[in-house]
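Here is a short report on a metal site, some charged pairs and a helix contact. The structure comes first.

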Amino acid sequence: MQFLSYLINGISLGSVYALIALGYTMVYGIAKMLNFAHGDVIMIGSYVVFFTFGTSGMNPILSIVLSMVVCTVLGVVIERVAYRPLREAPSLAVLITAIGVSYLLQQVAQLTWSSNPKSFISVISGIPFLQPLSLFGGQLTISAETIVTIVVCVVIMVALIWFVNNTSAGHAMLAVSEDRGAAQLMGVNVNATISLTFAIGSALAAVAGALLCSSYPTLQPTTGAMPGIKAFVAAVFGGIGSIPGAFLGGILLGIIENLSKAYISTQLSDAIVFLVLIVVLIVKPTGLLGKKVNVKV
Amino acid sequence: MGEMLSVKNINVFYGSIHAIRDVSFHVNEGEIVTLIGANGAGKTTTMHAISGLLKLQSGEIDYCGQTISKMEAHKIIRLGLAQVPEGRRVFSGLTVQQNLQMGAYVRRDGKEAIQNDFDMVFELLPRLKERRNQPAGTLSGGEQQMLAMGRALMCKPKMLLLDEPSMGLSPLLVKEIFKIIREVNRNGVTVLLVEQNAKMALEIANRAYVLETGTIKMEGEATELANNIEVRKAYLGC
Ligand SMILES: Nc1ncnc2c1ncn2[C@@H]1O[C@H](COP(=O)(O)OP(=O)(O)OP(=O)(O)O)[C@@H](O)[C@H]1O
Ligand SMILES: [Mg+2]
C-alpha cells in the first residue's frame, strides 16, 4: 500500500515534469534550441497565481488562466526579443543567451518580490468540490492535488497530440521541425510557427507551475530552476523533440525520483535520476522515443 | 505570352563568397526554360533567391508584374510560384498523404477543390496512390521525387521551379520524370528547370541559359544550344 502511494505521488510529480518537458521538447523540435529560461517562466507564472489567488482571493481557475496569459506573453516576448535576432547565429550563442534570460528572470523576480520564500496556498484547495480520494477502506489516501495533476497532464497531452496531427498550425509545426526551408516553400510562416510554439510551451509552464506549487508549497525566485532542469532531463530521457517522449520521460522520471527517495535515499535521489539518464543515453542515444537523426546525403 | 519571371542583374553572397554575379534571365508564360551548369555553378542559389530563401545583395526579381525580391518565402508561394527543391526534401516523418496536404497549406479554396487536386496528382503520379499512408522517408528516391513534385503541384502553381529533378534516378525514371514535366507544362504551368542532365533538359525546353561560376555564359533556343559546339563539349560530352 505504501508502495502504491509512492508510485502515485511519483506519477503526479512526473506529470508536472512532463508538462514542463513539453515546452522544452517542442521548442527544441521546432526552433532547434534549448530554452533554458523555460523553468523560470514557471516561477513567474506561480507568482502570478500566488498574488492573484493566494493574496487577493481571485477565483482559482481565473487565476490560473491569468497566469497562462502572462506566461504566454512572456514566452513570446522572450523569443521575439532575445532569440529571434539570433536565428542564424551559432547554437552556442543562442544557448548562452537562454541562460542569460534565465538569470535575468530570476534576478527581476528577486528584486520585485525578494528572495524570501512565500508559502503558496494550493489552488486545488480553492476548488470546493475537489476532495482527497480514500481507497481500500482508508488505507490509501490520494490528495486532490495529486489526482488533478495527473488528470490535467493526461488531458493536455491528448489535446496537444490531437492539435499537432489534426490542425493546419500543427502540421506547420511538424513541417518546420523536419525541414525549415522546405516548410517555407510550402508557405509556412516560420517565425509565426515558432512564436506559437513558445506560446503553447509557456502556457503549459503556467499550468505546471500552479500544480507544482500546490503540491510543494514554497515559492521563491529559484523555484523554477530545479524542476526546469529535471524536466529538461525528462525531455532528453524520452527523446528530445518527441511529444509522447516528453510525457513518458516526465512520468518515468517522477516515479524514479519518488521511489528512490522512499527506498534508497532522499539525498541521493537526484543523483539516481541522472544516473538513469546516463544509462539510457548510453543504450539509446536518442532517448526512449527519439527518432533517428536523419543524415542528409 | 508576356514575361512571367524576370531576373534582373542579381548578386548573391554567402558571407564573402560571391556566388551569383549579375545574373539576368527571364521566363515567358507557358514556356519551359532550362538553366544548365556544372556543380557549384550557382543553380540552386539562383532558385533559392527566386523563392525568397536567400536575400539578394543587389538586383531585382519580378514575377507576374510584381517585385518579389524583397518578399518573404512564405508569401511568394502564395503568388503561385512553387519550387521542388534540390534533393526532394520531402517531410520524411509525414505520410505521403500528409506531405501532399502540406503542399496545399496555402490554399483556402475549400476541401472539395483540394480533394480534386489530390485525385489529379494521384492520376498523374499513380505510384503515390498505393503508398499514400506510408511515411515519405520509406519511399524510394524516385518515389520521393514524384512526391516532391506532387507536393508542389498541390498548391496549384502558375509557375514551377524544378531543381535537378533527375538527380540520382535510373535512366528509365529520368524519362518518366521528364514526361511528367512536359505534361505539367501542357496543363498550363510555366517551368524553370535546373539540370545537370543537359541532354534531356535541352530536349524538352524552349529556351536555355548556361550558368558558369555564377554568371550566365550563353543563352538561346534550346535546339540551338544543343547544337552549339561549346555546349556539346562541356555539357553533352560529345
Ligand atoms: N550555404 C552556403 N554557404 C557558403 N557557400 C555556399 C553555400 N551554398 C552554396 N555555396 C557556394 O555557392 C556556389 C554555388 O552553389 P550552388 O549550390 O548554387 O551550386 P549548384 O549549381 O546548385 O551546384 P550543384 O549542381 O552541385 O547542385 C558554390 O561555390 C558553393 O560552394
Ligand atoms: Mg544545386
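## Magnesium site

B:T44 is buried, at 19% relative accessible area (buried is under 20%, exposed over 50%, partly exposed in between, with a 1.4 Å probe and protein chains only). This is a predicted model: local features need pLDDT of at least 70, side-chain atom pairs count only at pLDDT 80 or more, and totals for chains, interfaces and linings use all residues. Residues are numbered from 1 along each chain as its sequence is written, chains are lettered from A and ligands numbered from 1 in the order written, and side-chain values use heavy atoms, without hydrogens or water.

The protein donors of the magnesium ion (ligand 2) are B:T44 (OG1) and B:E86 (OE), 1.8 to 2.3 Å from it. Donors are N, O and S atoms within 2.8 Å of the metal (3.2 Å for Na, K and Ca); water is not among the atoms, so sites may look incomplete. B:E86 is partly exposed, at 30%.

## Salt bridges

The whole structure holds 17 salt bridges over all chains (a side-chain nitrogen of Lys or Arg within 4 Å of a carboxyl oxygen of Asp or Glu). One of them joins B:D62 and B:K8 at 2.7 Å, N to O. B:D62 is buried, at 12%. B:K8 is partly exposed, at 37%.

B:K75 and B:E72 pair at 3.2 Å, N to O. Both are partly exposed: B:K75 at 40%, B:E72 at 36%.

## Helix contact

In chain A, the axes of the helices at residues 2–31 and 243–263 come within 6 Å and cross at roughly 140°.

Terms used:
Axes fitted to C-alpha atoms, helices over the stretch in contact; angles between N-to-C directions. Helix = DSSP H or I, 4+ residues; strand = E, 2+ residues; numbered from the N terminus.
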